Amino acid sequence: MAVYMNEAKKANQMLRQVLYDYGSTEDFQSACAFRTQQKACRELCTLLEQTVLNGERHSLLLVGPRGSGKSWVVEDTFRKLSLNPKCKGNFIKVYLNGLIHTDDRLALLDIAHQLQVEANMDESLHLSYASALNYLLTTVCSGSQASKSVIFILDSFDLFTHHKNQMLLCNLFDFTRSANTPIAIIGLTRRLDVSEMLEKRLRSRYSHRQILLLCDYSFEEYMDISRSLLSLPDSFTDKAYLKEWRRHLEELLKNPKVVAVLKKQHAISPNLHILKSLLSVFVQMLPVCKLGISGPFLDPVHFLFAYSMVNQDSMSVMLRGVSILELCLVVAMKNLVKHTGTETLNFEMVYDEYRRFTNQVSSHAVEFFSKPVAMKAFEHLISLEFVYPEDGGSSYTQREYQPVVLLLMEGQIEQAVLSYPNCPTDVVQWATNKN
């Protein structure tokens with residue numbers, strides 16, 4: 001096992017690199033995980049090649065929900081442009097983010113920094129915003145095919161529409177209509193109505209070209225993506241270790257419990273960010289000291305535990321921290337809702353149910369508390385928002401008869417009781433009793 005320890009550490013580092021950074025996946029088969037977005041990549045690459053090689057001016061929006069692969073499409077396109085000998089070194093990428101560049105002046109300063117023309121900023125301070133931006137661009141663009149093209153990436157594009165007078169967008173779109181500036185503007189957004197957020201004067205300047213990306217992966221594609229993200233590249237040095245890794249990977253993805261978990265996650269959301277989060281936790285749990293040729297490479301037990309960690313219910317986790325009295329009151333409310341068919345309860349009803357339960361069990365198993373103590377516990381449950389006053393707490397009704405609603409689901413309560421440390425057996429049976 002010691003022979004393969006370095007290889008195991010290298011495999012662990014490679015997987016983390018793949019799962020944490022799109023830009024570092026170019027040598028990995030996992031890049032194929034986004035093959036459903038390859039059409040968008042080809043279209044964007046063709047568009048930018050026209051800008052870089054022919055000096056054409058274009059604008060385009062990538063629209064899609066979080067996790068649909070917008071950033072990956074952009075990064076993969078620039079990777080391909082950098083590998084193209086005709087395009088390499090003939091363009092400058094300027095990245096702006098609406099969350100960071102909250103006003104046009106900040107955006108202008110960062111544009112100057114990324115174009116490496118900060119020294120010229122002093123000369124443009126007395127100019128208007130449009131003239132200053134034009135001055136910066138003309139320092140790197142001569143208008144001929146021999147000049148470098150400038151490609152603007154506007155992440156969170158919709159946030160730029162909230163800038164005063166949309167000055168930055170207005171000037172950038174003006175440049176796409178100018179014959180002197182080879183420029184391309186690529187916007188990334190989750191808003192389907194983003195074009196409606198542009199001012200009227202901008203809509204005529206924007207090309208209205210959009211690429212729509214969706215998280216519409218089938219389960220078979222979802223499984224292939226999982227396989228790709230956990231695969232090691234063909235260039236991995238130790239071929240014996242690589243062969244053994246792939247065998248364990250196939251066994252993992254054929255495990256019925258693992259398939260059931262992935263199927264459940266795909267049904268909830270096929271979002272790739274969520275999948276990557278799950279696999280990231282899984283990879284972190286892989287003990288490098290055991291990753292040897294005879295060790296557990298990819299253990300289904302670790303995968304199932306990682307899924308339970310990622311999908312922990314916050315309410316169930318909080319419920320594990322309450323006292324045993326508070327837990328009993330919650331179980332009493334659950335049973336009342338189930339047996340009476342009403343969702344509106346009050347403290348007297350809950351305490352009566354709790355007292356009935358303690359009378360049925362031995363005194364040493366579950367301690368019985370007086371009504372004032374139970375009332376304090378009940379009020380603590382309200383403060384934790386497990387229980388909510390139906391009238392918002394503004395009623396003049398006595399506290400014991402104030403109508404309340406239980407905000408916990410039956411499954412959440414049962415899960416919390418089963419995982420509650422040193423929970424009395426009688427309470428567990430009471431909470432999980434289906435009668």
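A residue is called buried when its relative accessible area is under 20%, exposed when it is over 50%, and partly exposed in between, with a 1.4 Å probe and protein chains only. At 25% relative accessibility, Arg79 therefore counts as partly exposed. The model is predicted: local features need pLDDT of at least 70, side-chain atom pairs count only at pLDDT 80 or more, and totals for chains, interfaces and linings use all residues. Residues are numbered from 1 along each chain as its sequence is written, and side-chain values use heavy atoms, with hydrogens and water left out.

The overall architecture comes first. The protein chain contains 20 helices and eight strands; these are DSSP runs numbered from the N terminus, helices being H or I with at least four residues and strands E with at least two. Of the 435 residues in the chain, 49% are buried. A contact requires heavy atoms within 4.5 Å, and among contacts with a separation of 6 or more, 72% join residues 24 or more positions apart. The chain exposes about 21200 Å², of which carbon and sulfur atoms supply 52%; accessible areas come from the Shrake-Rupley method with a 1.4 Å probe, and for residues only the protein chains shown count as cover.

Part of the surface is a nonpolar patch formed by Leu192, Leu212 and Leu214, which together have about 320 Å² of accessible area. Patches are made of residues with over 30% relative accessible area and no salt bridge, with like charges joined within 9 Å and nonpolar side chains (Val, Leu, Ile, Met, Phe, Trp, Tyr) within 5 Å. Leu212 belongs to strand β5 (residues 210–212) and is exposed, its relative accessible area being 52%.

The structure holds ten aromatic pairs. In one of them, the ring centres of Phe78 and Phe91 are 5.8 Å apart and the planes stand at 35°, so the pair is tilted. This pair links distant parts of the chain, since Phe78 lies in helix α3 (residues 70–83) and Phe91 in strand β2 (residues 91–97), 13 residues apart. Rings of Phe, Tyr and Trp (its six-membered ring) pair if their centres lie within 6.5 Å; planes under 30 degrees apart count as stacked, over 60 as edge-to-face and the rest as tilted. Phe78 is buried at 6% relative accessibility, and Phe91 is buried at 15%. The charged end of Lys93 sits over the ring of Phe78, 4.8 Å from its centre. For such an arrangement, NZ of Lys or CZ of Arg must be within 6 Å of the ring centre and within 35 degrees of the ring normal. Lys263 likewise lies over the face of Phe219, at 5.3 Å from the ring centre.

Side chains of opposite charge can pair when their charged atoms come close. A salt bridge is counted when a side-chain nitrogen of Lys or Arg is within 4 Å of a carboxyl oxygen of Asp or Glu, and the count comes to 15. Because Arg79 and Asp76 are three residues apart in helix α3, they are separated by about one helical turn. Asp76 is buried, with a relative accessible area of 5%.

Other salt bridges join separate helices. Arg227 and Glu250 form a salt bridge whose closest N and O atoms are 2.9 Å apart. Arg227 lies in helix α10 (residues 219–229) and Glu250 in helix α11 (residues 239–254), so the pair ties together parts 23 residues apart in sequence. Both are partly exposed, Arg227 at 24% relative accessibility and Glu250 at 29%.

The side chains of Lys371 and Glu348 also meet in a salt bridge, at 3.1 Å from N to O. The pair links distant parts of the chain, with Lys371 in helix α18 (residues 371–383) and Glu348 in helix α17 (residues 347–360), 23 residues apart. Salt bridges that share partners join Asp352, Glu353, Arg355 and Arg356 into one network. A single aromatic cluster is formed by Phe347, Tyr351, Tyr354, Phe368 and Phe378.

Ala332 is found in helix α16 (residues 324–340) and is buried at 0% relative accessibility. The C-alpha atoms of Ala332 and Glu353 are 5.8 Å apart in space, although the two residues are 21 apart in sequence.
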